[in-house]
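Hi,

I am passing along the structure we talked about, so that you can look through it yourself. My notes follow below it.

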Amino acid sequence: MSSEKVHVEHCKGVNGLDKVILREIRRCSAEVYLYGGQVTSWKNAHGEELLFVSSKASFRPPRAIRGGIPICFPQLKSTGSLEQYGFARNRIWSIDPDPPPSPSDISHKAFFDLILTHSEEDMKIWPHRYEYRLRVALGPTGDLMLTSRIRNTNTDGKSFTFRFAYQTYFFVTDISEVRVEGLETLDYLDNLKNGERFTEQEDAITFESEVDKVYLSTPTKIAILDHERKRTFEFR
């Protein structure tokens, strides 16, 4: 049965937008829209949704999809002259029909590569040639892995700078029952206080009011504990 399992399925999603569904043997799954190169669903073996997508998400270009894992590139927030969070989440990505194989030490079969390259219109607002390759993979135990590779394809050899991020929306039941571990003692910029720099004094981050902080020099492993659902998100 496992050999007959369809690991990667191309189909239509909301409003006829193209999407790809990844499935693993233990019934884990992920859905990715080519519009924005955006993961919009990630389910565990129990069929429980792990990502949040707003009920107000329109799935109508050129508006970005609200929720899931938006790709921010080549700009974060208002750090440059482009629209907030850049333009990658408002573009149609293409599927690589013949992606490089996975490393030999990784056994997952549910993966595919999306590619975004410069367009003439984008060159008018960000004059750089590039290839952004995004690999989305679902491991046998349901781990979701995103790998970004940005390549400079400028013919004149000129370098460029950029910023990128996965702006992940995790689904939790009650925000007051959530804590984030792994950021204690780190410095952070508090955007609710004009980006002023502070040092985290708490053993874990909890949410009793609005929070908008950027932690610096973060470790390679952070955990989000959802006590209401008795669930832990671990991300690296």
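Which residue forms a salt bridge with Asp113? The partner is Arg135, and the closest N and O atoms of the two are 2.6 Å apart. By salt bridge I mean a side-chain nitrogen of Lys or Arg within 4 Å of a carboxyl oxygen of Asp or Glu. This pair links distant parts of the chain, with Asp113 in strand S7 (residues 110-117) and Arg135 in strand S8 (residues 130-138), 22 residues apart. Strands (E, at least two residues) are DSSP runs, numbered from the N terminus.

Before going on, a word on the basis: this is a predicted model, in which local features need pLDDT of at least 70 and side-chain atom pairs count only at pLDDT 80 or more, while totals for chains, interfaces and linings use all residues. Residues are numbered from 1 along each chain as its sequence is written, and side-chain values use heavy atoms, leaving out hydrogens and water.

In total, the structure holds 15 salt bridges. Here are two others to look at:

- Asp187 pairs with Arg197, with 3.1 Å between the closest N and O atoms. Asp187 lies in strand S12 (residues 187-190) and Arg197 in strand S13 (residues 196-199), 10 residues apart. Asp187 is partly exposed at 24%, whereas Arg197 is exposed at 53%.
- Arg236 and Glu234 meet through their side chains at 2.8 Å, N to O. Arg236 is exposed at 73% relative accessibility, and Glu234 is partly exposed at 44%.

There is also a network: salt bridges that share partners join Asp96, Asp113, Arg133 and Arg135.

Strand S8, the one that holds Arg135, has an antiparallel neighbour in strand S9 (residues 144-152), and 9 bridges join the two. Strands count as paired if DSSP finds at least two bridges between them. As one example to find on screen, Leu134 has Ser148 in S9 as its bridge partner. S8 and S9 form a hairpin with 5 residues between the strands, where Gly142 takes a positive phi near 100 degrees.

Happy to hear your thoughts once you have had a look.

Best wishes

Technical notes: Helix = DSSP H or I, 4+ residues; strand = E, 2+ residues; numbered from the N terminus. Buried < 20%, exposed > 50% of the residue type's maximum accessible area, 1.4 Å probe, protein only.
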